[in-house]
Amino acid sequence: MDIEGDLIWGDDDESVVFAQAQRHDRSITFMFANKSKYTQSLSNRIVTCFHDLPVEDDHATFPSRATMREELYSSVRQVWDHCIRHPSITAADVIVEIYEDAQRSLQWRICHESLYSQYTASLLPINQLYQCRESKINAYKTVDYSTLIPVQHFGGRGRTALVNISGSLYVYKGVDFGTYLESPTDFQHRKEVFYHEIRTISSLPPHPNIVPPSDTFVAVRKIDDDQQELICGALYAFMSHGTLDDHIEKSKIEGTHLP
(Lines give C-alpha, C1' and ligand atoms only; values in the text may rest on other atoms or scores of the structure.)
Protein backbone atom coordinates (compact mmCIF):
# COMPACT_ATOMS: atom_id res chain seq x y z
CA MET A 1 0.00 0.00 0.00
CA ASP A 2 1.40 3.37 -1.01
CA ILE A 3 1.62 6.35 1.31
CA GLU A 4 -1.51 8.49 1.08
CA GLY A 5 -2.20 12.09 1.98
CA ASP A 6 -4.70 14.79 1.06
CA LEU A 7 -4.18 17.41 3.75
CA ILE A 8 -1.61 20.21 3.47
CA TRP A 9 -1.80 23.42 5.47
CA GLY A 10 0.35 26.38 6.50
CA ASP A 11 0.84 28.61 9.52
CA ASP A 12 -0.11 32.24 10.23
CA ASP A 13 3.48 33.42 9.83
CA GLU A 14 3.73 31.90 6.34
CA SER A 15 7.03 30.26 7.26
CA VAL A 16 5.97 26.62 7.66
CA VAL A 17 3.96 24.06 5.72
CA PHE A 18 2.52 20.93 7.33
CA ALA A 19 1.33 17.76 5.62
CA GLN A 20 -0.42 14.71 6.95
CA ALA A 21 0.34 11.31 5.47
CA GLN A 22 -0.82 7.84 6.34
CA ARG A 23 0.00 4.24 5.52
CA HIS A 24 -1.75 1.17 6.87
CA ASP A 25 -2.62 2.00 10.50
CA ARG A 26 -0.19 4.88 11.01
CA SER A 27 -0.63 8.61 10.40
CA ILE A 28 2.25 11.11 10.66
CA THR A 29 2.42 14.91 10.41
CA PHE A 30 5.39 16.26 8.45
CA MET A 31 6.79 19.79 8.48
CA PHE A 32 8.68 21.90 5.94
CA ALA A 33 10.17 25.11 7.33
CA ASN A 34 11.57 28.16 5.57
CA LYS A 35 14.91 28.09 7.40
CA SER A 36 17.58 27.48 4.78
CA LYS A 37 19.56 30.39 3.38
CA TYR A 38 19.44 28.55 0.07
CA THR A 39 16.22 29.77 -1.54
CA GLN A 40 16.04 26.79 -3.88
CA SER A 41 16.00 24.20 -1.11
CA LEU A 42 13.00 21.87 -1.13
CA SER A 43 11.54 23.26 2.10
CA ASN A 44 11.87 26.89 1.01
CA ARG A 45 10.29 26.16 -2.36
CA ILE A 46 7.35 24.34 -0.74
CA VAL A 47 6.75 27.18 1.74
CA THR A 48 7.09 29.82 -0.98
CA CYS A 49 4.69 28.06 -3.33
CA PHE A 50 2.07 27.17 -0.72
CA HIS A 51 1.94 30.67 0.78
CA ASP A 52 2.33 32.31 -2.64
CA LEU A 53 5.29 34.38 -1.50
CA PRO A 54 7.02 36.76 -3.96
CA VAL A 55 10.18 35.46 -5.65
CA GLU A 56 12.86 36.95 -7.85
CA ASP A 57 13.79 33.59 -9.33
CA ASP A 58 11.27 31.07 -10.68
CA HIS A 59 13.52 28.27 -9.40
CA ALA A 60 12.74 29.39 -5.83
CA THR A 61 9.19 28.05 -6.11
CA PHE A 62 7.16 25.49 -8.10
CA PRO A 63 5.29 26.11 -11.36
CA SER A 64 2.02 24.93 -9.75
CA ARG A 65 0.42 23.68 -6.54
CA ALA A 66 0.07 20.26 -8.13
CA THR A 67 3.81 20.06 -8.77
CA MET A 68 4.52 21.18 -5.21
CA ARG A 69 2.18 18.52 -3.81
CA GLU A 70 3.85 15.84 -5.92
CA GLU A 71 7.35 16.80 -4.72
CA LEU A 72 6.18 17.11 -1.11
CA TYR A 73 4.72 13.62 -0.94
CA SER A 74 7.66 12.22 -2.91
CA SER A 75 9.95 13.41 -0.11
CA VAL A 76 7.60 11.87 2.47
CA ARG A 77 7.84 8.51 0.71
CA GLN A 78 11.63 8.69 0.76
CA VAL A 79 11.86 9.13 4.53
CA TRP A 80 8.81 7.16 5.68
CA ASP A 81 10.45 3.77 6.20
CA HIS A 82 13.22 5.38 8.24
CA CYS A 83 11.25 7.68 10.51
CA ILE A 84 8.49 5.11 11.16
CA ARG A 85 11.04 3.06 13.12
CA HIS A 86 11.98 5.89 15.49
CA PRO A 87 11.02 5.02 19.09
CA SER A 88 9.34 8.41 19.61
CA ILE A 89 7.29 8.45 16.40
CA THR A 90 4.03 7.60 18.20
CA ALA A 91 4.32 10.46 20.73
CA ALA A 92 1.39 12.87 20.49
CA ASP A 93 3.60 15.96 20.18
CA VAL A 94 5.91 14.58 17.48
CA ILE A 95 6.22 16.14 14.03
CA VAL A 96 8.76 14.97 11.46
CA GLU A 97 10.66 17.79 9.81
CA ILE A 98 11.96 17.13 6.29
CA TYR A 99 14.83 19.27 5.03
CA GLU A 100 17.94 19.25 2.84
CA ASP A 101 21.47 19.34 4.24
CA ALA A 102 24.37 21.40 2.86
CA GLN A 103 24.95 18.78 0.17
CA ARG A 104 21.26 18.99 -0.90
CA SER A 105 20.60 15.48 0.44
CA LEU A 106 17.17 14.84 1.90
CA GLN A 107 17.16 14.52 5.70
CA TRP A 108 14.58 14.21 8.47
CA ARG A 109 14.44 14.74 12.21
CA ILE A 110 11.99 14.17 15.03
CA CYS A 111 10.62 17.39 16.57
CA HIS A 112 8.69 17.51 19.83
CA GLU A 113 6.41 20.46 19.14
CA SER A 114 6.18 22.76 22.18
CA LEU A 115 2.80 24.10 21.01
CA TYR A 116 1.21 20.76 21.86
CA SER A 117 1.17 21.66 25.55
CA GLN A 118 -0.65 24.90 24.75
CA TYR A 119 -3.10 22.97 22.59
CA THR A 120 -4.04 20.46 25.28
CA ALA A 121 -4.20 23.19 27.93
CA SER A 122 -7.01 24.87 25.99
CA LEU A 123 -9.19 21.74 25.78
CA LEU A 124 -11.85 20.66 28.26
CA PRO A 125 -12.51 17.32 29.95
CA ILE A 126 -15.98 15.89 29.36
CA ASN A 127 -17.33 16.88 32.79
CA GLN A 128 -16.50 20.57 32.19
CA LEU A 129 -17.87 20.45 28.65
CA TYR A 130 -21.31 19.63 30.04
CA GLN A 131 -21.38 21.89 33.09
CA CYS A 132 -24.30 23.99 31.85
CA ARG A 133 -27.71 22.79 33.02
CA GLU A 134 -29.30 22.78 29.57
CA SER A 135 -26.84 20.28 28.13
CA LYS A 136 -27.54 16.67 28.88
CA ILE A 137 -25.43 13.62 28.24
CA ASN A 138 -26.29 10.04 29.01
CA ALA A 139 -24.02 7.11 28.32
CA TYR A 140 -20.94 7.92 26.26
CA LYS A 141 -17.57 6.48 25.38
CA THR A 142 -14.25 7.97 24.33
CA VAL A 143 -11.61 6.90 21.84
CA ASP A 144 -8.06 8.15 21.68
CA TYR A 145 -7.25 10.47 18.78
CA SER A 146 -4.20 8.33 17.94
CA THR A 147 -6.49 5.45 16.90
CA LEU A 148 -8.06 7.51 14.07
CA ILE A 149 -6.70 6.83 10.59
CA PRO A 150 -7.74 9.57 8.12
CA VAL A 151 -9.37 8.36 4.91
CA GLN A 152 -10.63 11.62 3.41
CA HIS A 153 -10.74 15.21 4.66
CA PHE A 154 -13.76 17.43 4.14
CA GLY A 155 -14.28 21.16 4.44
CA GLY A 156 -15.81 22.96 7.39
CA ARG A 157 -14.67 24.59 10.59
CA GLY A 158 -11.83 22.92 12.42
CA ARG A 159 -11.30 19.45 11.01
CA THR A 160 -13.95 17.21 9.49
CA ALA A 161 -12.78 13.90 8.09
CA LEU A 162 -13.79 10.39 7.22
CA VAL A 163 -11.74 8.15 9.51
CA ASN A 164 -11.11 4.46 9.94
CA ILE A 165 -11.13 2.91 13.40
CA SER A 166 -10.44 -0.82 13.56
CA GLY A 167 -11.93 -1.35 10.12
CA SER A 168 -15.09 0.74 10.65
CA LEU A 169 -15.75 4.14 9.07
CA TYR A 170 -16.89 7.22 11.01
CA VAL A 171 -17.01 10.97 10.47
CA TYR A 172 -14.72 12.89 12.83
CA LYS A 173 -15.59 16.49 13.58
CA GLY A 174 -13.51 18.55 15.95
CA VAL A 175 -10.37 20.57 16.54
CA ASP A 176 -7.21 18.51 16.26
CA PHE A 177 -3.60 19.58 16.84
CA GLY A 178 -3.25 20.49 13.17
CA THR A 179 -5.95 23.12 13.64
CA TYR A 180 -3.87 24.68 16.40
CA LEU A 181 -0.67 24.59 14.32
CA GLU A 182 -2.45 26.40 11.50
CA SER A 183 -3.49 29.32 13.69
CA PRO A 184 -3.48 29.38 17.51
CA THR A 185 -5.63 32.51 17.38
CA ASP A 186 -8.28 31.08 15.05
CA PHE A 187 -8.17 27.81 16.99
CA GLN A 188 -9.72 29.41 20.07
CA HIS A 189 -12.74 30.53 18.06
CA ARG A 190 -13.07 27.20 16.26
CA LYS A 191 -12.85 25.33 19.57
CA GLU A 192 -15.60 27.45 21.15
CA VAL A 193 -17.82 26.97 18.08
CA PHE A 194 -17.30 23.20 18.27
CA TYR A 195 -18.02 23.03 22.01
CA HIS A 196 -21.07 25.29 21.60
CA GLU A 197 -22.42 23.02 18.87
CA ILE A 198 -22.00 19.94 21.07
CA ARG A 199 -23.76 21.63 24.00
CA THR A 200 -26.58 23.00 21.86
CA ILE A 201 -27.40 19.71 20.13
CA SER A 202 -27.30 17.91 23.48
CA SER A 203 -29.83 20.36 24.92
CA LEU A 204 -32.43 19.79 22.20
CA PRO A 205 -35.20 17.19 22.36
CA PRO A 206 -34.98 14.39 19.76
CA HIS A 207 -36.17 15.39 16.30
CA PRO A 208 -36.27 13.31 13.08
CA ASN A 209 -34.62 16.10 11.05
CA ILE A 210 -31.77 16.85 13.48
CA VAL A 211 -28.67 14.71 13.79
CA PRO A 212 -28.68 13.26 17.31
CA PRO A 213 -25.79 14.17 19.62
CA SER A 214 -22.74 11.97 19.40
CA ASP A 215 -22.21 9.36 22.09
CA THR A 216 -18.57 8.85 21.14
CA PHE A 217 -16.00 11.53 21.86
CA VAL A 218 -12.39 11.76 20.69
CA ALA A 219 -9.83 12.62 23.34
CA VAL A 220 -6.17 13.53 23.70
CA ARG A 221 -4.01 13.68 26.81
CA LYS A 222 -1.34 15.98 28.12
CA ILE A 223 2.25 14.84 27.72
CA ASP A 224 2.89 15.08 31.49
CA ASP A 225 -0.52 13.75 32.56
CA ASP A 226 -1.99 10.83 30.63
CA GLN A 227 -4.86 10.23 33.05
CA GLN A 228 -7.24 13.02 32.08
CA GLU A 229 -9.05 12.80 28.75
CA LEU A 230 -9.45 16.13 26.94
CA ILE A 231 -12.15 16.37 24.30
CA CYS A 232 -10.94 17.37 20.82
CA GLY A 233 -13.70 15.90 18.68
CA ALA A 234 -16.71 13.66 18.26
CA LEU A 235 -17.55 10.72 15.99
CA TYR A 236 -20.69 10.44 13.90
CA ALA A 237 -22.15 7.66 11.77
CA PHE A 238 -20.86 7.61 8.20
CA MET A 239 -23.64 7.93 5.62
CA SER A 240 -22.36 6.08 2.57
CA HIS A 241 -24.89 7.62 0.16
CA GLY A 242 -23.27 11.06 0.33
CA THR A 243 -24.03 14.42 1.88
CA LEU A 244 -27.00 16.71 1.35
CA ASP A 245 -24.71 18.96 -0.70
CA ASP A 246 -23.85 15.98 -2.95
CA HIS A 247 -27.55 15.33 -3.65
CA ILE A 248 -28.30 19.02 -4.25
CA GLU A 249 -25.48 19.30 -6.80
CA LYS A 250 -26.56 16.05 -8.45
CA SER A 251 -30.15 17.28 -8.74
CA LYS A 252 -28.95 20.50 -10.38
CA ILE A 253 -26.91 18.60 -12.96
CA GLU A 254 -29.64 16.07 -13.71
CA GLY A 255 -32.49 18.62 -13.51
CA THR A 256 -34.38 16.54 -10.96
CA HIS A 257 -36.10 17.42 -7.70
CA LEU A 258 -35.06 16.28 -4.27
CA PRO A 259 -37.48 13.80 -2.67
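**Figure 1. Strand S10 and its two partner strands.** In this close-up of the predicted model, S10 and S11 pair in the antiparallel sense, with five bridges between them. The two strands form a hairpin in which two residues lie between S10 and S11. Within this pairing, Val220 stands opposite Leu230 in S11. S10 also pairs with S6, here in the parallel sense and over four bridges, and the bridge partner of Val143 in S10 is Val218. Because five of the seven residues of S10 are buried, the strand is largely enclosed by the rest of the structure.

Figure 2. The strands form an open sheet of six, in the order S6-S10-S11-S9-S8-S7, and the pairing is mixed. Strand S6 (141-144) and strand S7 (149-154) stand at the edges with a single partner strand each, so one side of each has no neighbour in the sheet. On average, and with direction ignored, neighbouring strands of this sheet are turned by 40° against each other. Strand S8 (residues 159-165) and strand S9 (residues 168-174) pair in the antiparallel sense over seven bridges, and within the sheet Leu162 stands opposite Val171 in S9. Helix H6 (residues 184-203) packs on the sheet, where it touches S9, strand S10 (216-222) and strand S11 (225-237). The direction of H6 makes about 70° with that of S11.

**Figure 3. The surroundings of Gln20.** Gln20 is placed in strand S2 (residues 16-23), and with a relative accessibility of 8% this residue counts as buried. The side chain of Gln20 makes a polar contact with the side chain of His153, at 3.2 Å. Leaving aside residues up to four places away in sequence, Gln20 touches Glu4, Gly5, Asp6, Leu7 and Trp9, as well as Ser27, Ile28 and Thr29, together with Tyr73, Tyr145, Pro150 and His153.

**Figure 4. The salt bridge between Arg77 and Asp2.** Side chains of opposite charge can pair when their charged atoms come close. The structure holds 13 salt bridges, one of them formed by Arg77 with Asp2, whose closest N and O atoms are 3.3 Å apart. Since Arg77 lies in helix H2 (residues 65-83) and Asp2 in the segment before strand S1 (4-10), the pair ties together parts that are 75 residues apart in sequence. Arg77 is partly exposed, its relative accessible area being 37%, and Asp2, with a relative accessibility of 46%, likewise counts as partly exposed.

**Figure 5. The salt bridge between Glu182 and Arg159.** Here the closest N and O atoms of Glu182 and Arg159 are 3.8 Å apart, and the two residues form a salt bridge. Glu182 belongs to helix H5 (residues 177-182) and Arg159 to strand S8, so the pair ties together parts that are 23 residues apart in sequence. Glu182 counts as partly exposed at 24% relative accessibility, whereas Arg159, at 7%, counts as buried.

Figure 6. Glu249 and Lys252 are separated by about one helical turn, because they are three residues apart in helix H7 (residues 244-254). Glu249 is partly exposed, with a relative accessible area of 37%, while Lys252 has a relative accessibility of 58% and counts as exposed.

Figure 7. A search of the whole structure finds zero disulfides. The cysteine sulfur closest to that of Cys83 belongs to Cys111 and is 11 Å away, which is too far for a bond. Cys83 is buried, with a relative accessible area of 0%. Cys111 is likewise in no disulfide, and the nearest cysteine sulfur to it is that of Cys83, 11 Å away.

Methods
Residues numbered from 1 in each chain as written. Predicted model: local features only at pLDDT ≥ 70, side-chain atom pairs only at ≥ 80, totals over all residues. Heavy atoms only, no water. Buried < 20%, exposed > 50% of the residue type's maximum accessible area, 1.4 Å probe, protein only. Polar contact = N/O pair within 3.5 Å; in protein donor to acceptor, adjacent residues only side chain to side chain. Contact = heavy atoms within 4.5 Å. Pairing = 2+ DSSP bridges. Axes fitted to C-alpha atoms, helices over the stretch in contact; angles between N-to-C directions. Salt bridge = Lys/Arg side-chain N within 4 Å of Asp/Glu carboxyl O. Disulfide = S-S within 2.5 Å.
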